[in-house]
Amino acid sequence: MVGMSLVLCLVSYLDRVVISFAIAPIQAEFGVSNTGFGLAMSLVALGTLSTNGVAGILLDRFGARVIWTLSLGLWSAAMIGLGLVEVWALFLARRVVLGVGEGGELPGDEPVDRGLGAAAHRLEGRCHLSPRRPRRPAARGAGAQRRDRA
C-alpha cells in the first residue's frame with residue numbers, strides 16, 4: 001500500500017512538473033493569454049476540491065485500492081485526452097476531469113500516512129509523517145518530582 005501511495009503521489013505531481021514546461025506551446029497552440037492559462041490551472045483545483053468529500057466517503061466504503069485505481073484510471077484518461085484535444089473549451093473540460101481524478105487520491109493518503117507515521121513513531125520515538133499530533137508526556141502532579149537517570 002505504501003508503494004502504491006508513492007506512485008500515486010509521483011504521478012499526480014507529474015502534471016504540475018510537465019505543464020510548467022508546456023505553458024508557452026499550449027498558449028501558442030490555442031492562442032490564450034496568461035489569464036486563460038491560469039483558468040486552466042485553476043480548474044484542476046476546482047475538480048479536486050469538488051471530489052474530495054465524496055472520495056472520502058467512497059474510500060471508507062470501498063477502500064483505498066479500489067478508489068485509487070479508479071482515480072488513477074480517470075486521471076490517466078484525462079491526461080491522454082489532454083494530449084489529443086484541439087479545442088480550448090475541451091482542454092478546460094479535461095482539466096476539470098484531471099482534477100476529479102486527483103480528488104480521489106488525496107483523502108486516501110491519510111491512512112497510509114498514519115501507518116507510515118506509526119512506524120516512524122516506533123523507530124524514532126516521535127512521528128513526523130503522521131497527520132496526528134505526537135503524544136505528549138503524561139502530566140505530573142504538583143507533588144511529583146522528576147527523576148533523572150545518570
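Which residues does Trp88 touch, not counting residues up to four places away in sequence?

**Before you start**

This is a predicted model, in which local features need pLDDT of at least 70 and side-chain atom pairs count only at pLDDT 80 or more, while totals for chains, interfaces and linings use all residues. Residues are numbered from 1 along each chain as its sequence is written, and side-chain values use heavy atoms, with hydrogens and water left out.

**Stop 1: the whole protein**

Show the protein as a cartoon. It has 5 helices and 0 strands, and along the sequence the pattern reads α-α-α-α-α. Helices (H or I, at least four residues) and strands (E, at least two) are DSSP runs, numbered from the N terminus.

Accessible areas come from the Shrake-Rupley method with a 1.4 Å probe; for residues, only the protein chains shown count as cover. Of the 150 residues, 31% are buried. Buried means under 20% relative accessible area, exposed means over 50%, and partly exposed lies in between (1.4 Å probe, protein chains only).

Contact means heavy atoms within 4.5 Å. Among contacts between residues at least 6 apart in sequence, 69% join residues at least 24 apart.

**Stop 2: Trp88**

Go back to Trp88, which is found in helix α4. Trp88 touches Ile26, Phe30, Val32, Gly36, Phe37 and Ala40, with residues up to four places away in sequence not counted. For one of these, take a C-alpha distance: Trp88 and Ala40 are 48 residues apart along the chain, and their C-alpha atoms are separated by 9.4 Å. Trp88 counts as buried because its relative accessible area is 18%.

**Stop 3: the aromatic rings**

Phe30, Trp88 and Phe91 form one aromatic cluster. The structure holds 3 aromatic pairs. Rings of Phe, Tyr and Trp (its six-membered ring) pair if their centres lie within 6.5 Å; planes under 30 degrees apart count as stacked, over 60 as edge-to-face and the rest as tilted.

Look at Phe30 and Phe91. Their pair is tilted, at 5.5 Å centre to centre and 45° between the planes. The pair links distant parts of the chain: Phe30 is in helix α1 (residues 2-30) and Phe91 in helix α4 (residues 88-103), 61 residues apart. Phe30 counts as buried because its relative accessibility is 19%, and Phe91 because its relative accessible area is 4%.

Then look at Trp88 and Phe91. This pair is stacked, at 5.0 Å centre to centre with 15° between the planes. Both residues lie in helix α4, 3 residues apart, about one turn of the helix.

**Stop 4: the nonpolar core**

Which residues have the most contacts inside the largest nonpolar core? They are Ile26, Phe30, Trp88, Phe91 and Leu98, in a core of 16 residues. Helices α1, α2, α3 and α4 each supply at least two residues of this core. A nonpolar core is a set of buried Ala, Val, Leu, Ile, Met, Phe, Trp, Tyr and Cys residues joined through side-chain atoms within 4.5 Å.

Select Leu98. Not counting residues up to four places away in sequence, Leu98 touches Asp15, Val44, Trp75, Ala78, Met79 and Leu82.

**Stop 5: Ser71**

Is Ser71 buried or exposed? Ser71 is buried, because its relative accessible area is 8%. Ser71 lies in helix α3 (residues 64-84). Leaving aside neighbours within four places in sequence, Ser71 is in contact with Gly101, Gly104 and Glu105.

**Stop 6: a patch on the surface**

Select Val54, Leu58, Phe62, Val66 and Leu70. They form a nonpolar patch on the surface, with about 450 Å² of accessible area together. Patches are made of residues with over 30% relative accessible area and no salt bridge: like charges are joined within 9 Å, nonpolar side chains (Val, Leu, Ile, Met, Phe, Trp, Tyr) within 5 Å. A salt bridge is a side-chain nitrogen of Lys or Arg within 4 Å of a carboxyl oxygen of Asp or Glu.

The elements that give two or more residues to the patch are α2 (34-62) and α3. The largest share, 3 residues, comes from α2.

Val54 is in helix α2 and is partly exposed, with a relative accessible area of 49%. Leu58 is in helix α2 and is partly exposed, at 33%. Not counting residues up to four places away in sequence, Leu58 touches Gly63 and Ile67.
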